[in-house]
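I opened the model today and kept notes as I went.

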Amino acid sequence: MDSKQLAQLAAKACEDKRGEDIVLLDMKDVSLIADYFLICEGSNERQVQAIARAIKETAEEKELTVKRLEGFDQARWILVDLEDVVCHIFHKEERSYYNLERLWGDAPLVETGIN
């Protein structure tokens, strides 16, 4: 599975848990951190945790490695590191504060492959 397919798989997991405002950024020419950043939000802490858990479980079902899962207990900004894809799951209030889309504004948007 290539990194774009992995990013789209993670986006689908977000959508399945009713993640909102799902954005996929192509980071290949912008940063050495990852090929893609997936950014989405949930309306409360439980939903943010459910989205992160769904991404983790989906990756593990495909026998992919989850390098790191950070911020799960606080559920304000959870980072799921899938090596080439880094998923940022925000609580709605935190997302507007950190505004990663603006910070990485030179990264092209990618079609998520979800409806």
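**Entry 1: the buried side of H2**

I asked what the buried residues of H2 pack against. They pack against H1, strand E2 (36-42), strand E3 (68-70), strand E4 (77-81) and strand E5 (85-91). Helices (H or I, at least four residues) and strands (E, at least two) are DSSP runs, numbered from the N terminus. Contact in these notes means heavy atoms within 4.5 Å.

I noted where the numbers come from: this is a predicted model, local features need pLDDT of at least 70, side-chain atom pairs count only at pLDDT 80 or more, and totals for chains, interfaces and linings use all residues. Residues are numbered from 1 along each chain as its sequence is written, and side-chain values use heavy atoms, with hydrogens and water left out.

Next I listed the buried residues of H2. They are Gln47, Val48, Gln49, Ile51, Ala52, Ala54, Ile55, Thr58 and Ala59. Buried means under 20% relative accessible area, exposed means over 50%, and partly exposed is in between (1.4 Å probe, protein chains only).

I also checked the length of H2. The helix has 17 residues and reaches 24 Å from its first C-alpha to its last. That is close to the 24 Å expected at 1.5 Å a residue. The expected span is 1.5 Å times one less than the number of residues.

**Entry 2: H1 against H2**

How do the axes of H1 and H2 cross? Helix H1 covers residues 3-16 and helix H2 covers residues 45-61. Their axes come within 8 Å and cross at roughly 140 degrees. That makes H1 oblique to H2. Axes are lines fitted to C-alpha atoms, for helices over the stretch in contact, and angles run from 0 to 180 degrees between N-to-C directions. Angles under 35 degrees count as roughly parallel, over 145 as roughly antiparallel, 65 to 115 as roughly perpendicular and the rest as oblique.

I looked up which residues meet. From H1 there are Leu9, Ala10, Ala13 and Cys14, and from H2 there are Ile51, Ala54, Ile55 and Thr58. By class, this contact of H1 with H2 has seven nonpolar, one polar and no charged residues. Ala, Val, Leu, Ile, Met, Phe, Trp, Tyr, Cys and Pro count as nonpolar, Asp, Glu, Lys and Arg as charged, and the others, Gly among them, as polar.

**Entry 3: Leu25 and Val110**

I found Leu25 in strand E1 (residues 20-26). Leu25 counts as buried because its relative accessibility is 2%. Leaving out residues up to four places away in sequence, Leu25 touches Asp35, Tyr36, Phe37, Ile39, Trp104, Ala107, Pro108, Leu109 and Val110.

Val110 came next. I found Val110 in the segment after H4. Is Val110 buried or exposed? At 15% relative accessibility, Val110 counts as buried. Not counting residues up to four places away, Val110 touches Lys4, Leu24, Leu25, Asp26 and Tyr36. The C-alpha atoms of Val110 and Val23 are separated by 7.8 Å, and these two are 87 residues apart along the chain.

**Entry 4: His91**

I placed His91 in strand E5. His91 counts as buried, at 6% relative accessibility. Beyond four places in sequence, His91 touches Gly42, Ser43, Asn44, Glu45, Val48, Ala75 and Arg76.

**Entry 5: Met1**

Where is Met1? I found Met1 in the segment before H1. Met1 is exposed, with a relative accessible area of 55%. Leaving aside neighbours within four places, Met1 is in contact with Leu6, Leu9, Lys62 and Leu64. Met1 and Lys62 are 61 residues apart along the chain, and their C-alpha atoms are separated by 9.2 Å.

**Entry 6: loops**

I looked at Glu83 in the loop between E4 and E5. Its phi is near 70 degrees, a positive value in a residue other than glycine. Glu83 is partly exposed, at 44% relative accessible area.

Asn99 sits in the loop between helix H3 (92-98) and helix H4 (100-103). Phi of Asn99 is near 45 degrees, again a positive value in a residue other than glycine. Asn99 is partly exposed, at 26%.
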